[in-house]
Amino acid sequence: MDKIYIICVDDQPEVLNSVLEDIGSLEEKFFIEGCESAEEAEELMQEIDAKGNLVGLVISDHVMPNKNGVEFLTDVKESDMYPNLKKILLTGLATHEDTIRAINKAEIDYYFAKPWEKHDLLLKVKHLMTAFILDTGLDYQDYMIYMDQQLLYRRLKERV
Amino acid sequence: MTINGTYQSKESLFNRIKEQFFSNTEVLNLKKGDVLLHEGKSNDRLFLVLQGSLKGVIKHNDESIELFHCEKDMFVGVYSFFSDSGNSYTTVIAQEPTKLAFISKGQLKELDLDLVEFHECFLPIIVNELHHRQQDAQRYYEIKEGALKKLVVQEKLAALGQLSAGLAHELNNAVAVLNQKIESFNSRLEVTLKSKGDQYIELLQKTSTQHSFESSKEKRQQVGYLLKQHKSITRPQAKKLACILSDEQIKDKTIVQNTLGQIDALFEAWSFGRDLHDMKVATDHASHIISSVKTLAAPNRDKEMVDIKFTILKALTLVQHQIKNLDLVTSLELGLETLAGEGDLVQVWVNLIKNAAEAMTNAGTKDPRIEVNLTSENNQIVVTVRDNGPGIPQEKQKSIFAPDYTTKKGGLTFGLGLGLSIVENLVHKYDGTVDLSSVPGQTNFTIKLPINHG
């Protein structure tokens with residue numbers, strides 16, 4: 001079974017803790033890691049990649065010192081290292097232009113405004129992880145309990 | 001009788017008219033407040049002011065509006081004398097003891113003048129009079145416009161003050177409730193955990209009052225270490241151990257093994273503590289922001305001795321979101337005091353720092369950096385705010401202090417949209433000065449304030 005990582009990035013430890021805890025129930029099947037900066041996340045993602053493991057999803061804050069979330073996600077997108085990677089921008093403050101850039105350049109899959117609802121976040125994460133597993137061609141049966149059943153059903157029907 | 005000369009310069013024409021028509025006429029003396037002409041009443045005299053001054057007013061909605069004023073060597077009654085209606089359109093009042101020479105329509109007839117020639121001769125005078133009144137009107141308009149603008153700014157500030165005060169009050173109530181509940185939750189948890197053993201209480205207390213936790217990176221290293229040292233430990237277990245145990249304890253194999261037995265319960269206690277800690281951090285942060293906003297918008301700005309350093313620190317808290325992505329370097333001397341409204345000064349720094357940050361963000365400045373220095377020089381407090389942004393073009397360096405000047409093109413900004421004009425007003429209010437020097441790559445705002453020795 002492949003090791004699939006979910007990376008959460010937020011410079012505020014308290015907020016990072018909250019995100020990690022909200023999706024903590026997925027930890028039995030996925031590897032969940034928290035990072036306090038974009039740089040730390042990039043380093044970690046390279047390590048994961050070097051070991052032959054996969055990064056399935058990145059959940060990033062936007063307003064952070066040095067490299068902000070949109071820049072980080074754009075760099076990740078443009079590196080072409082993580083072809084099926086899903087991206088969530090989770091932020092309390094993004095300007096109109098930042099948001100446009102996030103969609104057009106970083107090609108984010110979802111935008112969450114802070115404060116978020118645990119239930120919604122968890123649903124979205126499951127949905128995007130299902131899409132990642134199917135896009136990458138992994139054996140979805142290993143992850144059955146965390147799958148977005150509707151999406152799975154639809155995609156399987158398309159295949160037939 | 002004819003009028004001598006055809007075209008003449010304004011001065012000589014005036015002198016000629018004065019000599020020919022007003023040298024041997026009757027003279028009228030007015031006291032201050034005497035009314036020469038009444039609005040809407042007929043007038044058949046043309047007056048020349050020999051001494052003193054008068055003003056022309058009209059009544060509008062029970063208010064007197066001043067339309068023009070006349071001094072020595074100017075004519076009064078021009079409109080009524082030359083127009084068809086023959087009525088004065090203003091009430092003309094002497095503003096001081098005033099002496100006038102006049103000529104009436106009747107006298108004019110007696111002189112047996114060619115009226116057309118007479119009117120032509122007076123034409124430059126009439127035009128001049130009209131132009132003069134037009135200028136007056138323009139001046140009044142500008143004064144009024146300026147007053148209106150000031151009023152709008154004041155109203156904006158007052159509205160913001162009220163809004164923030166109300167908001168701060170409401171938020172403080174909410175935060176106070178949260179604070180109280182966190183405390184009570186904390187003590188109740190301690191009671192509950194007591195039955196489980198001292199280890200649990202210690203863990204809860206330690207975590208909930210901790211000042212800093214391991215960074216995400218350090219934690220990852222600890223997890224890696226535990227997994228390497230203990231083959232039987234699962235990854236989720238290692239993560240929990242990294243939370244519960246200290247750096248030294250993690251290296252002790254016996255402690256690690258003993259902890260494993262009750263790992264879930266201990267982790268639960270640790271999580272409670274961590275959550276309580278995070279909640280306290282969040283409410284502290286909220287109260288701090290609220291108090292800063294309150295200072296900023298405080299409606300009564302009493303002067304007091306303020307330490308400049310603290311006002312700068314407050315301002316930095318308020319703008320922390322805007323300066324998150326840039327390098328901030330501060331060198332702030334403690335103990336420099338001046339007599340001022342604290343909120344006013346905070347507002348000055350907020351505006352300067354915000355402006356610098358926004359200018360650099362908009363220009364996409366590479367390695368953006370803001371330096372804030374506080375020091376003293378020649379018995380004056382000197383604060384400089386320096387950035388390495390695009391700079392302000394020479395031709396704009398004056399206009400940036402105007403109330404409606406802005407470089408911002410929309411986007412999300414928390415501000416009054418008054419920026420530098422407010423900075424200048426506030427600094428002047430405390431007998432200070434604002435200086436600007438700017439070239440691409442370095443912009444300096446220097447504020448000087450008097451030092452007050454308490």
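**Figure 1. Helix H5(A) passes helix H6(A) in a right-handed crossing.** The view is taken from a predicted model. H5 of chain A spans residues 118–136 and H6 of chain A spans residues 149–159. Two packed helices are described by the angle between their axes and the distance between the axes. Here the angle is about 25 degrees, and the axes of H5(A) and H6(A) are 9 Å apart. Because angles under 35 degrees count as roughly parallel, H5(A) is described as roughly parallel to H6(A). H5(A) contributes His127(A), Thr130(A), Ala131(A) and Leu134(A) to the contact, while H6(A) contributes Leu151(A), Leu152(A) and Arg155(A). By class, the residues of this contact comprise four nonpolar, two polar and one charged.

**Figure 2. An open sheet of five strands in chain B has mixed pairing.** The strand order is E10-E12-E13-E15-E14. Strands E10 (327–332) and E14 (433–439) of chain B stand at the edges with a single partner strand each, so one side of each has no neighbour in the sheet. From one strand to the next, the twist averages 15 degrees. Helix H11 of chain B (residues 308–318) packs on the sheet and touches E10, E12 and E13 of chain B, its direction making about 165 degrees with that of E12(B). Helix H12 of chain B (residues 342–363) also packs on the sheet, touching E12, E13 and E15 of chain B; the direction of H12 makes about 20 degrees with that of E13(B).

**Figure 3. Strand E13(B) pairs with E12(B) and with E15(B).** E12 of chain B (residues 369–377) and E13(B) are antiparallel and share eight bridges, with Thr375(B) opposite Val382(B). A hairpin is formed by E12(B) and E13(B), with two residues between them, and Asn378(B) in the turn has a positive phi of about 50 degrees. E13(B) and E15 of chain B (residues 442–450) also run antiparallel, joined by eight bridges; Gln380(B) stands opposite Pro450(B) in E15(B). In a regular strand the side chains alternate between the two faces of the sheet. In E13(B), the covered face carries Ile381(B), Val383(B), Val385(B) and Asp387(B), and the uncovered face carries Gln380(B), Val382(B), Thr384(B) and Arg386(B).

**Figure 4. Chain B touches chain A through 16 residues, in contact with 18 residues of chain A.** On the chain B side, the elements giving two or more residues are helices H6 (216–229) and H10 (263–297) of chain B. H10(B) gives the most, with four residues. The chain B side divides into five nonpolar, six polar and five charged residues.

Conventions. Residues are numbered from 1 along each chain as its sequence is written. Chains are lettered from A and ligands numbered from 1 in the order in which they are written. This is a predicted model: local features need pLDDT of at least 70, side-chain atom pairs count only at pLDDT 80 or more; totals for chains, interfaces and linings use all residues. Two residues are in contact if their C-beta atoms, placed from the backbone, lie within 7 Å. Ala, Val, Leu, Ile, Met, Phe, Trp, Tyr, Cys and Pro count as nonpolar, Asp, Glu, Lys and Arg as charged, and the others, Gly among them, as polar. Axes are lines fitted to C-alpha atoms, for helices over the stretch in contact, and angles run from 0 to 180 degrees between N-to-C directions. Angles under 35 degrees count as roughly parallel, over 145 as roughly antiparallel, 65 to 115 as roughly perpendicular and the rest as oblique. A crossing is left-handed if the near helix is turned anticlockwise from the far one by less than a right angle, and right-handed if clockwise. A residue is buried if 20 or more other C-beta atoms lie within 10 Å of its own, exposed if 12 or fewer, and partly exposed in between; C-beta atoms are placed from the backbone. Two strands pair if DSSP finds at least two bridges between them.
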